[in-house]
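I opened a new model today and kept notes as I went. The entries follow the order in which I looked things up.

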Amino acid sequence: MKIALLAALVGSAAAFAPAVPRTATTSLSAVAGAAKSAEEDIEKTLKVIMENLGDDTTGIDDSDADDEPEPAAAAPAASSSGVELWSVEYDAAAKLAYAAAGSPGDFAAFQTKYLEETSAMVGKKGL
């Protein structure tokens, strides 16, 4: 009897709860200056970010040798947003690990083992 009374009270309490709309509809395209496509949205977002980035030259130089010449700067990719794109060598991670391990033996053998172990680790983590 107590369970039936409790069920009736819980069921009737929902009738007094405020109704909350399940979906919210917005029309961002009605806002002046809003992006018309995803690409335009990304371009506008990058523009705002780049405009608000400060040119901070107070970083720390953690290079080992000061006498080495600076690497030549890559040319910025042609894009309307002005973002510079840089490329990284395919073997860069393996080369860093090889150097950190003290450069033991043949690099090709080290790279094969490194790629196998790294792939297994990533597969195990489900990334």
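**Notebook: one alanine and its helix**

I started at Ala 97, which I found in helix H3. The model is predicted, so I treat every value here as computed from it.

Which residues does Ala 97 touch, leaving aside those up to four places away in sequence? I found Phe 110 and Tyr 114. I then checked the C-alpha atoms of Ala 97 and Phe 110 and got a separation of 9.1 Å. Along the chain the two residues are 13 apart.

**Entry: H3 against H4**

Next I looked up the helix pair. H3 covers residues 92-100 and H4 covers residues 107-125. Their axes come within 10 Å and cross at roughly 110°. Angles of 65 to 115 degrees count as roughly perpendicular, and H3 and H4 are therefore roughly perpendicular to each other. I noted the crossing of H3 and H4 as right-handed.

I listed who makes the contact. From H3 I have Ala 93, Ala 94, Lys 95, Ala 97 and Tyr 98. From H4 I have Phe 107, Phe 110, Gln 111 and Tyr 114. By class, the residues of this contact are seven nonpolar, one polar and one charged.

I checked the span of H4. It has 19 residues and runs 26 Å from first C-alpha to last. At 1.5 Å a residue, 27 Å is expected, so the two values are close. After H4 comes Gly 126, and I read a positive phi there, near 75°.

**Entry: salt bridges**

How many salt bridges does a search of the whole structure find? I got three. I looked up the one between Lys 44 and Glu 40, whose closest N and O atoms are 3.8 Å apart. Both residues sit in helix H2, residues 38-52. They are four residues apart there, which means a separation of about one helical turn.

Terms used:
Residues numbered from 1 in each chain as written. Predicted model: local features only at pLDDT ≥ 70, side-chain atom pairs only at ≥ 80, totals over all residues. Heavy atoms only, no water. Axes fitted to C-alpha atoms, helices over the stretch in contact; angles between N-to-C directions. Helix = DSSP H or I, 4+ residues; strand = E, 2+ residues; numbered from the N terminus. Parallel < 35°, antiparallel > 145°, perpendicular 65-115°, else oblique. Left-handed = near helix turned anticlockwise from the far one by under 90°. Contact = heavy atoms within 4.5 Å. Nonpolar A, V, L, I, M, F, W, Y, C, P; charged D, E, K, R; others polar. Salt bridge = Lys/Arg side-chain N within 4 Å of Asp/Glu carboxyl O.
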